[in-house]
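The paragraphs after it go from the whole chain to a few of its parts.

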Amino acid sequence: MARLVTNSLQLCVSQLKISSKFLDSGKSPCVQCIRCYRPRKPFWLPMAKSKMFRITKKPSIPTEERIELERLYNVWRTNVKSIQHHFKEQLMAQTTGPEVIEERRQRALEQQANCVRENDLWNAEVAKLREERLARDAALREKEIQAALAQHERKQKALMELIDDNVRKEKEAAKTYITPENIDEAIENALSSIVDHNFCIDREGNIFKGRYGKPPTSPTDKKPTMSHASPERQNTQAVEASS
């Protein structure tokens, strides 16, 4: 038997044209894949011309043998159907019986109770983590609020100091305000002390304050020289001297 298998394998290998190096390497081909190999004609080729008009002879079975085959087939079919029906009834009893239904209900209740228990454990764990997180957030929020209150107090203190300084300055400046009581005195002071902001500078840097070039009153200013005065200025000074 072993020799027959070996000969068949060698025949298949020779037909498949497998190299001898592959067999010598110790890696034998899968016999399961090539044991049923038969050299056939490709399926896309048409029927051979020698078989085109060949009519297969219908086998002739004797009447007694045909009747016996039908009887055996009917017996086999009846047995198979009875077995299938028996398995079907057992399956239905296992799936729709009252005991099975009660067992399934109990199993479902137990599974639900286990799920509820596990869910409660998860909820407790999550609640603990949530409380810790809320405590940390509350402490952090309290620190932020305290820092914000301290900063607000500093800002309010600086603002009050600025307001007090402005109020003090306004009180000091209010002493020089013109009121209905001192308006006459303010008018007399304005008329008696006339301020003239006009001035001019000559080429040598001499400053002539006033609209008519009066001599400077400040010791830092240089006294103007008459040699550099214009004719219009000399006329104006002569008019003032005569008056």
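Accessible areas are calculated by the Shrake-Rupley method with a 1.4 Å probe, and for residues only the protein chains shown count as cover. For this protein the accessible surface comes to about 22800 Å², and 59% of that belongs to carbon and sulfur atoms. This is a predicted model, in which local features need pLDDT of at least 70, side-chain atom pairs count only at pLDDT 80 or more, and totals for chains, interfaces and linings use all residues. Residues are numbered from 1 along each chain as its sequence is written, and side-chain values use heavy atoms, with hydrogens and water left out.

The protein has seven helices and two strands; helices (H or I, at least four residues) and strands (E, at least two) are DSSP runs, numbered from the N terminus. From that end, the order of the elements is α-α-α-α-α-α-β-β-α. Of the 243 residues, 7% count as buried, meaning under 20% relative accessible area, while exposed means over 50% and partly exposed lies in between (1.4 Å probe, protein chains only).

Now take helix α4 (residues 63-96) and helix α5 (residues 98-174). Their axes come within 5 Å and cross at roughly 40°. The two helices are therefore oblique to each other, the word for angles that are not under 35 degrees (roughly parallel), over 145 (roughly antiparallel) or 65 to 115 (roughly perpendicular). Axes here are lines fitted to C-alpha atoms, for helices over the stretch in contact, and angles run from 0 to 180 degrees between N-to-C directions.

Strand β1 (residues 199-201) contains Ile-201. Ile-201 is exposed, with a relative accessible area of 52%.
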